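Here is a friendly walk through one structure, going from the overall layout to the helix contacts and then to the loops. Keep the viewer open while you read.

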Amino acid sequence: MWKNKLQAFGTLLALAGPTYAGLVAQTIIGIADTAMLGSYGALEQQAGGYGALCILVVYVVGFGFALGLQIRMGQAFGAAKPQKALEYFRQGMRLLVLYAALWFCFFAFASYPILYALTNNAALARATSEYLLWRSPGVLCSLPSLGFYALAVSSNDSKPVG
């Protein structure tokens, strides 16, 4: 009985591993940016921390979209309806690309007023906005890649992922 439970736990851990690895990687990028910006000054380090947090929140929400997409595609693959899975994939990719484009535009062009309203510090808002300007192109790549991750896992071909 315990052997079956341990085997099921190992299988779940193998499937969940890439999920956690992606989230940990985003967090490590933010930590590394914040640590390196500390050599420039406290304001830059704060801006890096705020910016990394903004990017992480957007990525986690996008990951939630991808997990929902993964479930729908997995159901379609399980029902032997690959065309339906392809339809879900296309729709999910449209959603992820639109989500990425909206956040890219916000981070690149409109983040300063909201950051200023949240922090009430013009220098910090400006520095965080500049950090987000440099990190925003990554959003255009990382969020749509979550759709491909969902496709690989839902089609039971997670070897490219893990």
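Helices here are DSSP runs of H or I with at least four residues, and they are numbered from the N terminus. With that naming in hand, the place of asparagine 120 can be given as the loop between H3 and H4. Please keep in mind that this is a predicted model.

**Overall layout**

The protein chain holds four helices and zero strands, and its pattern along the sequence reads α-α-α-α. Taken along the principal axes, the C-alpha atoms fill a box of roughly 55 × 40 × 25 Å. How much of the chain counts as buried? Of its 162 residues, the share is 33%.

**How the helices pack**

| Helix pair | Angle | Axis distance |
|---|---|---|
| H2 and H4 | roughly 20° | within 8 Å |
| H2 and H3 | about 165° | 10 Å |
| H3 and H4 | about 170° | 8 Å |

Let us begin with H2, which covers residues 42-78, and H4, which covers residues 122-154; their axes cross at roughly 20°. Because of that angle, H2 is roughly parallel to H4. The crossing of this pair is right-handed, and the contact of H2 with H4 has 25 nonpolar, ten polar and one charged residues.

What about H2 and H3? Their axes pack at an angle of about 165°, so these two helices are roughly antiparallel to each other. The crossing of H2 and H3 is right-handed.

H3 and H4 meet at about 170°. Angles over 145 degrees count as roughly antiparallel, and H3 and H4 are therefore roughly antiparallel to each other. By class, the contact of H3 with H4 has 27 nonpolar, six polar and one charged residues.

**A closer look at H3**

Helix H3 runs over residues 82-119 and has 38 residues. Its end C-alpha atoms are only 49 Å apart, whereas a straight helix would reach 56 Å at 1.5 Å a residue. Where does H3 bend? The place is alanine 110, with a bend of about 75°, and proline 113 follows within four residues.

**The loops**

Now for the connections, following the chain. Tyrosine 40 sits in the loop between helix H1 (2-37) and H2. Is tyrosine 40 buried or exposed? Its relative accessibility is 65%, so tyrosine 40 counts as exposed. Glycine 30 is ten residues from tyrosine 40 along the chain, and the C-alpha atoms of the two are separated by 16 Å.

Alanine 80 belongs to the loop between H2 and H3. This residue has a positive phi of about 60°, although it is not a glycine. Alanine 80 counts as exposed because its relative accessibility is 62%.

Asparagine 120, in the loop between H3 and H4, has a phi near 60°, a positive value in a residue other than glycine. The relative accessibility of asparagine 120 is 62%, so it counts as exposed.

Key: Residues are numbered from 1 along each chain as its sequence is written. This is a predicted model: local features need pLDDT of at least 70, side-chain atom pairs count only at pLDDT 80 or more; totals for chains, interfaces and linings use all residues. Side-chain values use heavy atoms; hydrogens and water are left out. Axes are lines fitted to C-alpha atoms, for helices over the stretch in contact, and angles run from 0 to 180 degrees between N-to-C directions. Angles under 35 degrees count as roughly parallel, over 145 as roughly antiparallel, 65 to 115 as roughly perpendicular and the rest as oblique. A crossing is left-handed if the near helix is turned anticlockwise from the far one by less than a right angle, and right-handed if clockwise. Ala, Val, Leu, Ile, Met, Phe, Trp, Tyr, Cys and Pro count as nonpolar, Asp, Glu, Lys and Arg as charged, and the others, Gly among them, as polar. The expected span of a helix is 1.5 Å times one less than its number of residues. The bend at a residue is the angle between axes fitted to the seven residues ending there and the seven starting there. Buried means under 20% relative accessible area, exposed over 50%, partly exposed in between (1.4 Å probe, protein chains only).
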